[in-house]
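Subject: Structure for you to look through

Dear colleague,

Please read them with the model open beside you.

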Amino acid sequence: MQLYNKLSAKERAALLEEAGEDRLTLSFYQYAKIGNPELFRNHLFLAWDEMEVLGRIYVAHEGINAQLSVPAANFETFKNFLDGIYFLKDVRLNIAIEHDLKSFLKLKVKVRDKIVADGLNDDTFDVRNKGVHVDAQKFNELLDDPNTVLVDMRNHYESEIGHFKGAITPDVDTFRDSLPIIEEDLKEHKEDKNLVMYCTGGIRCEKASAYYKHKGFKNVFQLEGGIIEYTRQVENLKLENKFLGKNFVFDHRRGERISEDVISNCHQCGKPCDTHVNCANEACHLLFIQCEECAEKMNNCCSDKCQKIAALPYEEQKALRKGKGNSNKIFKKGRSEVLSYKR
Ligand SMILES: [Zn+2]
Ligand SMILES: [Zn+2]
């Protein structure tokens with residue numbers, strides 16, 4: 001029985017290129033009680049490997065969180081498989097707008113302590129007591145209400161390139177950090193304001209909304225399916241789009257453009273730009289925003305120092321890295337003193 005990937009990412013990319021088949025990029029999550037996550041993980045891997053599903057999936061005692069790509073031809077089979085698992089029957093699938101053949105190159109199903117790294121102790125409050133789920137139309141109506149406070153539950157590098165008009169975008173590295181900040185800011189308004197929140201696919205708001213209700217907020221709303229589902233509904237139902245810029249996504253694309261607005265700046269020269277890159281120095285790998293001119297001038301690096309290192313022969317770079325380890329926290333960082341224009 002094969003429970004792990006046989007192909008390298010490179011071999012997989014070549015195969016996908018060759019096959020040229022249509023794939024759908026999608027995500028879903030569900031909080032559920034899973035008794036034996038290891039067993040469940042193996043069950044998923046075997047079935048999905050067969051269906052040529054690729055992606056990154058987290059399984060925990062508290063549920064499942066999946067981002068994946070499915071061959072369009074196998075979508076029916078995939079959907080039937082999900083419907084055969086009682087807590088995944090009719091689970092909402094967020095289907096990405098851009099269908100990129102290579103959004104994922106491996107199938108990775110991992111058992112974790114939690115499906116979202118939120119650092120919240122579940123025992124302190126009831127996750128099931130969550131906010132009111134609203135669709136795109138109701139969400140737009142709430143945004144027009146002067147009594148609404150809109151909060152972006154994502155991290156600084158996500159909201160930087162795109163967010164809803166008028167949203168509070170906490171300058172935080174993790175979702176957990178924004179909870180007490182927002183609570184403090186709004187403590188006078190627990191009863192009289194609408195606290196409306198959103199995130200990428202809705203999962204972070206599941207817990208955040210329960211947290212705020214637990215803290216005494218009376219009118220808590222969350223955007224169902226997050227920005228991904230909002231965009232889909234806006235397109236299908238021809239609603240007004242209140243999202244500016246790009247939706248940051250956690251695959252190699254980095255961002256999906258939702259509106260033509262470019263709301264951020266190149267971190268090196270300051271001109272309007274919303275393209276995330278990773279520093280070409282493997283030992284740095286800093287996530288930052290870089291325009292094409294700066295990319296050329298800096299050889300895709302974040303600093304002169306990294307540019308010098310990246311120019312060394314590979315073996316010398318490796319020798320330099322020895323003992324230091326790769327920072328390997330590309331999504332946590334996105335901050336550095338070398339970036340003059342990081343807000
Ligand atoms: Zn620039
Ligand atoms: Zn660098």
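Contact here means heavy atoms within 4.5 Å, while axes are lines fitted to C-alpha atoms, for helices over the stretch in contact, and angles run from 0 to 180 degrees between N-to-C directions. Helices (H or I, at least four residues) and strands (E, at least two) are DSSP runs, numbered from the N terminus.

Please keep in mind that this is a predicted model, in which local features need pLDDT of at least 70 and side-chain atom pairs count only at pLDDT 80 or more, whereas totals for chains, interfaces and linings use all residues. Residues are numbered from 1 along each chain as its sequence is written, chains are lettered from A and ligands numbered from 1 in the order in which they are written, and side-chain values use heavy atoms, with hydrogens and water left out.

Strand β2 (residues 54-60) runs parallel to β5 and is joined to it by five bridges, with Gly55 opposite Leu107 in β5.

A further open sheet has four strands in the order β6-β10-β9-β7, with parallel pairing. Because β6 (132-134) and β7 stand at the edges with a single partner strand each, one side of each is left without a neighbour in the sheet. Even so, five of the five residues of β7 (residues 148-152) are buried (under 20% relative accessible area, with a 1.4 Å probe and protein chains only), so this strand is largely enclosed by the rest of the structure. Thr148, Leu150 and Asp152 point one way from β7, and Val149 and Val151 the other way. Five bridges connect β7 with the parallel strand β9 (residues 194-198), where Val196 is the bridge partner of Leu150. Strand β9 also pairs in the parallel sense with β10 (residues 219-223), over four bridges, and Met197 stands opposite Gln222 in β10.

Finally, the axes of α6 (residues 175-185) and α7 (residues 203-214) come within 11 Å and cross at roughly 30°, and the two helices are therefore roughly parallel to each other (angles under 35 degrees count as such). Residues that meet here include Phe175 and Leu179 in α6, and Tyr211 and Tyr212 in α7.

Best wishes

Definitions and conventions. Parallel < 35°, antiparallel > 145°, perpendicular 65-115°, else oblique. Buried < 20%, exposed > 50% of the residue type's maximum accessible area, 1.4 Å probe, protein only. Pairing = 2+ DSSP bridges.
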